[in-house]
Amino acid sequence: MVKMTKSKTFQAYLPSCHRTYSCVHCRAHLANHDELISKSFQGSQGRAYLFNSVVNVGCGPAEERVLLTGLHAVADIYCENCKTTLGWKYEHAFESSQKYKEGKFIIELAHMIKDNGWE
């Protein structure tokens, strides 16, 4: 008897020819390496990366938080597949020097794994 297993389906698949980041918990694709802006961010659970855009994530309601770089309106983001909180999205920066973060995404290293073509 052959046991059939249902494969997981994600909302979006990133091209396998590019280096990508995936959810460490369920391996859903999260971001293409080309969307990485900075590796020098700090999350609540350690180091985090700033991305221009991400896939397969949901967004919670925005709330004001005082972060290391000042007051921001941020919304928690989570993996659409396994519902793990991954980081946050910058909705609004109150200081002019931080405006470049608006609309960008933080994903903590604790929640992602490198996939496709990393040596």
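The model is a predicted one, so local features need pLDDT of at least 70 and side-chain atom pairs count only at pLDDT 80 or more, while totals for chains, interfaces and linings use all residues. Residues are numbered from 1 along each chain as its sequence is written, and side-chain values use heavy atoms, with hydrogens and water left out.

Val66 sits in strand β5, residues 57–67. Is Val66 buried or exposed? Val66 is exposed, at a relative accessible area of 70%; the cut-offs are under 20% for buried, over 50% for exposed and partly exposed in between (1.4 Å probe, protein chains only).

Strand β5 belongs to an open sheet of six strands, ordered β3-β4-β8-β7-β6-β5 with antiparallel pairing. Its edges are β3 (36–43) and β5, each of which pairs on one side only. On average, neighbouring strands in this sheet are turned by 30 degrees against each other, direction ignored; the axes are lines fitted to C-alpha atoms, for helices over the stretch in contact, and angles run from 0 to 180 degrees between N-to-C directions. Two strands count as paired if DSSP finds at least two bridges between them. Strand β3 and strand β4 (residues 46–51) run antiparallel and are joined by five bridges, with Phe41 partnering Ala48 of β4.

Now for the other sheet. Three strands form an open, antiparallel sheet in the order β2-β1-β9. Here β2 (29–32) and β9 (112–115) are the edge strands, each pairing on one side only. Between β1 (residues 20–23) and β2, which run antiparallel, there are three bridges; Thr20 has Asn32 in β2 as its bridge partner.

Overall, the protein chain has nine strands and zero helices, where strands (E, at least two residues) and helices (H or I, at least four) are DSSP runs numbered from the N terminus. Of its 119 residues, 41% count as buried.
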